[in-house]
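Here are a few notes to read alongside the model.

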Amino acid sequence: MVVLVLAALLLIFVIASLSLDEGDEEPVEITGADEVQRQLGGIPQDGAVLGSSEASVTVQVFSDLQCVPCADYQRETITPLIEGPVRDGDLKLEFHHFQMAQSGFANASFGAVAAAEQDDEWQFIQLFFINQDEAPRTGATDEFLGQIANAILNFNVEQWQRDGDDPAVTETLEADDELAAEHRFPAEPAVVVEGPRGDRELTESPSLERIEAAIADVR
């Protein structure tokens with residue numbers, strides 16, 4: 001009888017310990033959905049391109065969603081361009097997924113390119129960068145990327161999941177990688193500014209001021 005009582009108590013202790021362990025891991029909460037909607041709402045998108053088709057200047061952005069310094073760069077340098085000349089119709093941005101690690105394309109890149117099928121790639125990009133610090137804790141898993149997708153307003157998540165299996169997604173990422181290789185960019189964010197008066201290639205995380213000066217040069 002004593003042995004049975006002790007065994008029962010031990011079983012209760014083990015179950016309670018497992019329950020506590022499972023509760024230690026807080027669920028990921030995606031933030032910034034309202035902020036991103038304010039940034040991008042009403043701005044035309046066409047695949048990887050954000051901004052009016054009539055804008056005379058294009059800034060090609062080469063960056064990596066799962067590169068930690070790239071999140072700060074996006075917030076400090078690219079977002080002000082979105083909120084300023086892109087919203088005003090004077091500039092358009094084109095995002096290229098620049099593979100800075102050598103381990104292959106990151107899952108986040110596949111998710112972003114799949115979102116482009118619904119012309120929501122920039123929503124996905126901005127939301128991922130805002131929540132990037134959660135990815136090291138959970139990994140950029142399918143579940144985590146699904147939470148990013150669910151945070152996009154009026155987004156068809158089921159279609160996005162189907163589009164992620166389209167070979168065209170891999171082809172787009174390979175084309176981006178080849179383009180970055182042609183430019184021989186170092187492993188930092190880079191931009192190419194294109195306008196009626198020529199092109200300017202800016203590497204090593206160019207500042208907002210340098211990009212604005214290049215825009216003025218090529219306009």
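1. Let's begin with V57, which sits in strand β3 (residues 57-63). This is a predicted model, so please read every value below as computed. V57 has a relative accessibility of 0% and therefore counts as buried, the cut-off being under 20%.

2. What does V57 touch, once residues up to four places away in sequence are set aside? Its contacts are D90, L91, K92, V193, E194, G195, I215, V218 and R219. Take K92 from that list: 35 residues separate V57 and K92 in sequence, yet their C-alpha atoms are 6.6 Å apart in space.

3. Helix α4 (residues 107-115) is worth a look next, as it is mostly covered, with seven of its nine residues buried. The buried ones are A108, S109, G111, A112, V113, A114 and A115. Which elements do the covering? They include strand β4 (91-97) and the helices α5 (121-130), α7 (142-150), α8 (157-163) and α9 (167-183).

4. Two of those covering helices, α5 and α7, also pack against each other, at an angle of about 120° and with their axes 9 Å apart. An angle of 65 to 115 degrees would count as roughly perpendicular and one over 145 as roughly antiparallel, so α5 and α7 are oblique to each other. The crossing of α5 past α7 is right-handed. On the α5 side the contact is made by F124, L127 and F128, and on the α7 side by F144, L145, I148 and A149. Sorted by type, the residues of this contact are seven nonpolar, no polar and no charged.

5. Now for the charged pairs: a search of the whole structure finds two salt bridges. In one of them, D72 pairs with R75, and the closest N and O atoms are 2.9 Å apart. Both residues belong to helix α3 (residues 68-86) and lie three residues apart, about one turn of the helix. An α-helix has 3.6 residues a turn, so residues three or four places apart point the same way.

6. The other salt bridge joins the side chains of R75 and E76, at 3.6 Å from N to O. Through shared partners, the salt bridges link D72, R75 and E76 into one network.

Conventions:
Residues are numbered from 1 along each chain as its sequence is written. This is a predicted model: local features need pLDDT of at least 70, side-chain atom pairs count only at pLDDT 80 or more; totals for chains, interfaces and linings use all residues. Side-chain values use heavy atoms; hydrogens and water are left out. Buried means under 20% relative accessible area, exposed over 50%, partly exposed in between (1.4 Å probe, protein chains only). Helices (H or I, at least four residues) and strands (E, at least two) are DSSP runs, numbered from the N terminus. Contact means heavy atoms within 4.5 Å. Axes are lines fitted to C-alpha atoms, for helices over the stretch in contact, and angles run from 0 to 180 degrees between N-to-C directions. Angles under 35 degrees count as roughly parallel, over 145 as roughly antiparallel, 65 to 115 as roughly perpendicular and the rest as oblique. A crossing is left-handed if the near helix is turned anticlockwise from the far one by less than a right angle, and right-handed if clockwise. Ala, Val, Leu, Ile, Met, Phe, Trp, Tyr, Cys and Pro count as nonpolar, Asp, Glu, Lys and Arg as charged, and the others, Gly among them, as polar. A salt bridge is a side-chain nitrogen of Lys or Arg within 4 Å of a carboxyl oxygen of Asp or Glu.
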